Amino acid sequence: MALWITGARNRQALCVEGGRIAAEARRPPQGSETLDAGGLLLLPAFIDAHVHLSLLARAPRAFLKNGVAAVLDLGAPERALPFSEAEPLRVRFSGPLLTAPRGYPTQSWGRDGYGLEVASEKEARAAVERLALSGARFLKLAFDPRYPLLAPEAARAAADEAHRRGMLVAAHALDADSVRRALAAGADVFAHAPLEAVPLPGKWVISTLRAFGGTVRGLGARVVYGTDLGNEDTSPAIDARELALLERDGIDPLRAATADAAELLGYPDLGRLSVGSSASLLAVRGLDAESLANPAWVMNCGTLCL
Ligand SMILES: [Zn+2]
């Protein structure tokens with residue numbers, strides 16, 4: 001059954017059918033079922049590119065209800081994979097962080113399986129193979145000088161194995177030396193904004209500015225929105241403070257949380273509202289951070305979440 005969303009301030013009428021946007025027209029055909037957006041703005045649902053679903057019960061439902069249609073989980077124990085219980089929230093994931101024996105985060109918050117220790121190239125390749133088979137599309141390498149660091153050959157072997165399997169390599173690397181180690185290993189994605197300015201042309205940076213600080217100004221990288229859900233004072237929703245910090249750093253927060261994040265996660269039908277894309281959308285009052293974070297209503301795959 002087709003439903004036409006009419007009356008949006010920024011869009012023509014959108015026809016939703018079978019969970020997708022099936023058509024767009026100036027006005028719906030006579031006699032159609034309609035939903036009046038009442039002058040609100042229609043935007044694609046958001047994507048959070050840094051979360052930890054396994055640190056918070058019932059996060060997938062809450063994300064959907066609050067306007068987030070997809071997430072990238074950048075740290076979970078192998079026993080939690082592949083997150084099939086999170087459906088219909090769409091989830092890409094890395095599984096545990098690959099790290100040195102006793103490396104970050106195995107001696108701190110990640111004691112319980114959030115780090116996967118590898119001591120050699122061979123172990124690194126075997127670990128990546130296992131994660132790939134469990135459905136991981138990303139690999140995450142840990143570089144934290146407070147703890148033992150991955151041997152450069154092991155880090156390179158892991159990244160190489162991941163690339164061979166079509167995965168992207170993300171890195172936890174905050175200080176300049178760690179960023180250089182991550183680059184030398186072959187990282188494509190930085191899981192946090194670096195705390196020291198290091199040029200990262202051609203790379204992806206996930207913001208997490210509110211949870212971790214730093215800046216995304218002047219990196220020359222593509223920046224996407226991520227909250228690091230699971231840290232203190234985060235919740236499974238759109239974070240107005242993160243959006244405001246992106247804006248402060250000269251990044252369009254809407255694009256960082258929609259089109260660009262969809263490209264990083266590899267969801268071509270998310271992050272935009274065009275014919276054929278998923279009918280996962282927000283109706284908001286304005287484009288300021290507060291309005292974006294507090295949608296008037298949310299639709300996920302054609303279903304209204306009230
Ligand atoms: Zn994290």
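In this predicted model, strand β3, which spans residues 20-25, pairs with β2 in the antiparallel sense, and five bridges connect the two. One of the positions to look at is Glu17, whose bridge partner in β3 is Arg20. The hairpin that β2 and β3 form has two residues between the strands, and in this hairpin Gly18 takes a positive phi near 60 degrees.

Strand β2 itself covers residues 13-17 and is mostly covered, with four of its five residues buried, that is, under 20% relative accessible area. On the side of its other pairing described here, β2 is joined by three bridges to strand β1, residues 3-6, and these two strands also run antiparallel. Within this pairing, Val16 in β2 stands opposite Leu3. The hairpin of β1 and β2 has six residues between the strands, and here Gly7 is the residue that takes a positive phi, near 75 degrees.

We can now turn from the strands to the pocket. The largest pocket of the model has a volume of about 170 Å³, and its lining is made up of 14 residues. Which of these lie nearest the centre of the pocket? They are Tyr104, Trp109, Phe212, Asp228 and Asn231. Taken as a whole, the lining of this largest pocket divides into six polar, five nonpolar and three charged residues.

Terms used. Residues are numbered from 1 along each chain as its sequence is written. This is a predicted model: local features need pLDDT of at least 70, side-chain atom pairs count only at pLDDT 80 or more; totals for chains, interfaces and linings use all residues. Side-chain values use heavy atoms; hydrogens and water are left out. On a 1 Å grid over the protein atoms alone, a cavity is a set of points where a 1.4 Å probe fits but cannot get out, and a pocket is an open set with protein on both sides within 12 Å along at least five of seven lines; lining residues have an atom within 4 Å of a point. Grid points are joined across faces, edges and corners, and a volume is the space filled by probe spheres set on the points. Ala, Val, Leu, Ile, Met, Phe, Trp, Tyr, Cys and Pro count as nonpolar, Asp, Glu, Lys and Arg as charged, and the others, Gly among them, as polar. Buried means under 20% relative accessible area, exposed over 50%, partly exposed in between (1.4 Å probe, protein chains only). Two strands pair if DSSP finds at least two bridges between them.
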